[in-house]
Amino acid sequence: MTKNDEVKTIGVLTSGGDAPGMNGVIRSVTRSGINSGLKVMGIRRGFQGLISGEVEELNARSVSEKLQQGGTFLNTARSETFTTEEGQKQAAKMTKIFGIDALVVCGGDGTLRGATDLAKTGVPTIYIPATIDNDVGCTDYTIGFDTALNTAIVAVDKLRDTASSHERCSVIEVMGRRSGYLALHVGVATGAEIILIPEHPLDLEKDVLGKILSARNRGKYHYIVIVAEGATDSIELAKYIESEIGIEARTTILGYLQRGGTPNYFDRYISSMMGIKAVESIIAGEINRSLIVQNGKVDDIDLFESVNITKKLDETNMTKAKILSI
Ligand code: F6P
């Protein structure tokens, strides 16, 4: 597609795990698309819905009162079929049937891989990062992370009250799949005594028992342990703490709570800006791009390059968290 090609219709879908702010993306793509004279089609249930042709036209009113809602009103799914060549061809065929000239896809790292697969079939694609995990390598930030972080912080603060009253150890599991990003940031922001993340080799005696005992010897009588779901089994960990050092321990798995809720300012703002940028890129003929946040600004890079970038977590934050929890 070049700048001179006439784009008449664009599509938008959300895929993978929902994240607060996805509705902001749909709204922004829809309204900025309409503002530029485009027809905007919403695809339900991510790539799976594209394969089965679940496509409907969106207008300015269909996205009213969505900005403040968590989740995604277009629904989302993890599609096995779309990982096959056949599924991808079928999805591409559907874009032709519905006259979709370019597609905006919003989701996490699986969605980014899906976006590249779709682009390879010849469908002009723009990727917008959204996942509470913040584990997409090409961007400093993924939509939904800040809201999830704040949801988790509120929960941990409450758990600290009860852990403190009972002088217990509170083991709190946060999401993040194979990434410790969410756990690390929750841990820093809640003053956790211990943070366990999959990126760090785990030595239970040193990293858990040793730290709890030395905290106790420094005069602490309750302990917050933030466990990334990919690091270890949090229920077993509490049992281990109790049986090894006799300190009462309880596990709370925050789970899907972290994915819901009204998006905060940052997620509303970034989703709004990215939706506009996606439409601008399509109109300018700049397709097969990944939108990113870099140094606090919304930018874009080549889609096929973006998929190969891996995320490095700032490990010095582990040391800083330890210093601050003495
Ligand atoms: O990627 C977002 C996420 O919430 C991860 O943190 C978690 O591991 C996963 O999705 C859960 O996926 P599902 O919704 O398929 O159970």
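## Helix packing, aromatic pairs and selected residues

Asn134 has a relative accessibility of 1% and therefore counts as buried. The structure described here is a predicted model. Asn134 sits in the loop that runs between β5 (125–129) and α5 (145–166). Leaving out residues up to four places away in sequence, Asn134 touches Asp140, Tyr141, Thr142, Phe145, Tyr181 and Lys311. Computed along the sequence, Asn134 and Thr83 are 51 residues apart, and their C-alpha atoms are 22 Å apart in space.

Thr131 is found in that loop too, between β5 and α5. With 9% relative accessibility, Thr131 counts as buried, because buried means under 20%. Apart from neighbours within four places in sequence, the contacts of Thr131 are Ala19, Gly108, Val136, Thr142, Ile143, Gly144 and Phe145. Between Thr131 and Val55, 76 residues apart along the chain, the C-alpha separation is 23 Å.

### Aromatic pairs

How many aromatic pairs does a search of the whole structure find? The search finds five. In one of them, the ring centres of Phe47 and Phe82 are 4.0 Å apart and the planes are at 5°, so this pair is stacked. Phe47 counts as buried because its relative accessibility is 4%. Phe82 also counts as buried, at 4% relative accessibility.

Tyr141 and Phe145 form an edge-to-face aromatic pair, with 6.2 Å from centre to centre and 70° between the planes. Both Tyr141 and Phe145 are buried. Together with Tyr181 and Phe266, Tyr141 and Phe145 form one aromatic cluster.

### Helix pairs

Two packed helices are described by the angle between their axes and the distance between the axes. The table gives these values for two pairs.

| Helix pair | Residues | Angle | Axis distance |
|---|---|---|---|
| α1 and α9 | 22–35 and 265–283 | about 40° | 7 Å |
| α7 and α8 | 204–217 and 234–245 | about 60° | 11 Å |

The angle of about 40° makes α1 oblique to α9. The crossing of α1 past α9 is right-handed. On the α1 side the contact involves Gly24, Val25, Arg27, Ser28, Val29, Ser32 and Gly33, and on the α9 side Ser271, Ser272, Gly275, Ile276 and Val279. Sorted by class, the residues of this contact are four nonpolar, seven polar and one charged.

Ser28 belongs to helix α1. Is Ser28 buried or exposed? Ser28 counts as buried, because its relative accessibility is 6%. Not counting residues up to four places away in sequence, Ser28 touches Gly33, Ser271, Ser272, Gly275 and Ile276. Among these, Ser271, Ser272, Gly275 and Ile276 are residues of α9 that take part in the contact with α1.

Helices α7 and α8 pack at about 60° and are therefore oblique to each other. Here too the crossing is right-handed, with α7 passing α8. Leu204, Glu205, Val208, Leu209, Ile212 and Leu213 of α7 meet Leu237, Tyr240, Ile241, Glu244 and Ile245 of α8. By class, this contact has nine nonpolar and two charged residues, and no polar ones.

Asn75 is not a glycine, yet its phi is positive, at about 65°. With a relative accessibility of 31%, Asn75 counts as partly exposed, so it is not in the buried class.

Arg177, a residue other than glycine, also has a positive phi, near 50°. Its place is in the loop between β6 (169–174) and α6 (181–190). The relative accessible area of Arg177 is 36%, so Arg177 is partly exposed.

How values were computed
Residues numbered from 1 in each chain as written. Predicted model: local features only at pLDDT ≥ 70, side-chain atom pairs only at ≥ 80, totals over all residues. Heavy atoms only, no water. Axes fitted to C-alpha atoms, helices over the stretch in contact; angles between N-to-C directions. Helix = DSSP H or I, 4+ residues; strand = E, 2+ residues; numbered from the N terminus. Parallel < 35°, antiparallel > 145°, perpendicular 65-115°, else oblique. Left-handed = near helix turned anticlockwise from the far one by under 90°. Contact = heavy atoms within 4.5 Å. Nonpolar A, V, L, I, M, F, W, Y, C, P; charged D, E, K, R; others polar. Phe/Tyr/Trp six-rings, centres within 6.5 Å; stacked < 30°, edge-to-face > 60°. Buried < 20%, exposed > 50% of the residue type's maximum accessible area, 1.4 Å probe, protein only.
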